[in-house]
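Student: I have a model open and would like to go through it with you. Could we begin with the overall fold and then turn to single residues?

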Amino acid sequence: MQLIASCLCGANRFALEGAAQGIIACHCSQCRKTSGHYAASLDVAGIRWQARAAVGEYASAGGGTRGFCTSCGSSLYFRAPDGAISVEAGAIDGPTGRKLSAHIYCANTGDYYRIPANETQFSGAGHV
């Protein structure tokens with residue numbers, strides 16, 4: 001199944017290449033600040049742009065880059081310093097065909113929610 005993602009206003013649209021099967025929830029302070037809660041994303045081998053009209057990038061602490069739509073503000077992806085790319089699960093159009101597989105940076109979880117005890121959790125990046 002080919003996954004397509006886009007921003008809220010539709011100015012940016014892209015296909016996901018080599019998408020991982022599981023979605024990872026990240027509870028680090030950067031993800032919580034950029035998303036307003038925790039971020040849910042999936043690793044991909046690459047992005048193939050179908051429409052790229054308004055993409056901005058923010059160089060985050062640690063050398064990563066966060067991509068977002070400059071028109072509507074949608075978070076689109078995170079590129080790690082080593083080049084690995086994670087796409088925000090909420091940017092995917094339609095069903096993802098995936099399930100949440102783990103939570104990372106749980107040591108930074110906000111005090112206003114709880115992660116279910118039966119879900120896989122790592123205090124840091126973990127090994128997922």
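**Fold and local detail**

Tutor: From the N terminus on, the elements of the protein chain run β-β-β-α-β-β-β-β-β-β-β. The secondary structure comes to 1 helix and 10 strands, where helices (H or I, at least four residues) and strands (E, at least two) are DSSP runs numbered from the N terminus. This is a predicted model, in which local features need pLDDT of at least 70, side-chain atom pairs count only at pLDDT 80 or more, and totals for chains, interfaces and linings use all residues. Residues are numbered from 1 along each chain as its sequence is written, and side-chain values use heavy atoms, with hydrogens and water left out.

Student: What is the radius of gyration, and what would a compact globule have?

Tutor: The protein chain has 14 Å, which agrees with the value near 14 Å for a compact globule of 128 residues. The radius is taken over C-alpha atoms, and the globule rule is 2.2 Å times the number of residues to the power 0.38. Along its principal axes the C-alpha trace spans about 40 × 30 × 30 Å.

Student: How much of the chain is buried?

Tutor: Buried residues make up 41% of the 128 residues. Buried means under 20% relative accessible area, exposed over 50%, and partly exposed in between (1.4 Å probe, protein chains only).

Student: Which strands does β3 pair with?

Tutor: β3 runs parallel to strand β10 (residues 99-104), to which 5 bridges join it. With strand β4 (residues 39-44), β3 pairs in the antiparallel sense over 3 bridges. Two strands pair if DSSP finds at least two bridges between them. In β10, Lys-99 is the bridge partner of Gly-22, and in β4, Ser-41 stands opposite Ile-24.

Student: Is Ser-41 buried or exposed, and what does it touch?

Tutor: Ser-41 counts as buried, at 14% relative accessibility. Not counting residues up to four places away in sequence, Ser-41 touches Gly-22, Ile-23, Ile-24, Ser-86, Val-87, Glu-88 and Ala-89. Contact here means heavy atoms within 4.5 Å.

Student: Changing topic, where does Arg-48 lie?

Tutor: Arg-48 lies in strand β5, residues 46-52, and is partly exposed with a relative accessible area of 39%. Leaving aside neighbours within four places in sequence, Arg-48 is in contact with Gln-2, Phe-14, Ala-15 and Glu-17.

Student: How many residues separate Arg-48 and Phe-14 in sequence?

Tutor: Arg-48 and Phe-14 are 34 residues apart in sequence, and 5.4 Å apart in space, C-alpha to C-alpha. For the protein chain, among contacts between residues at least 6 apart in sequence, 55% join residues at least 24 apart.
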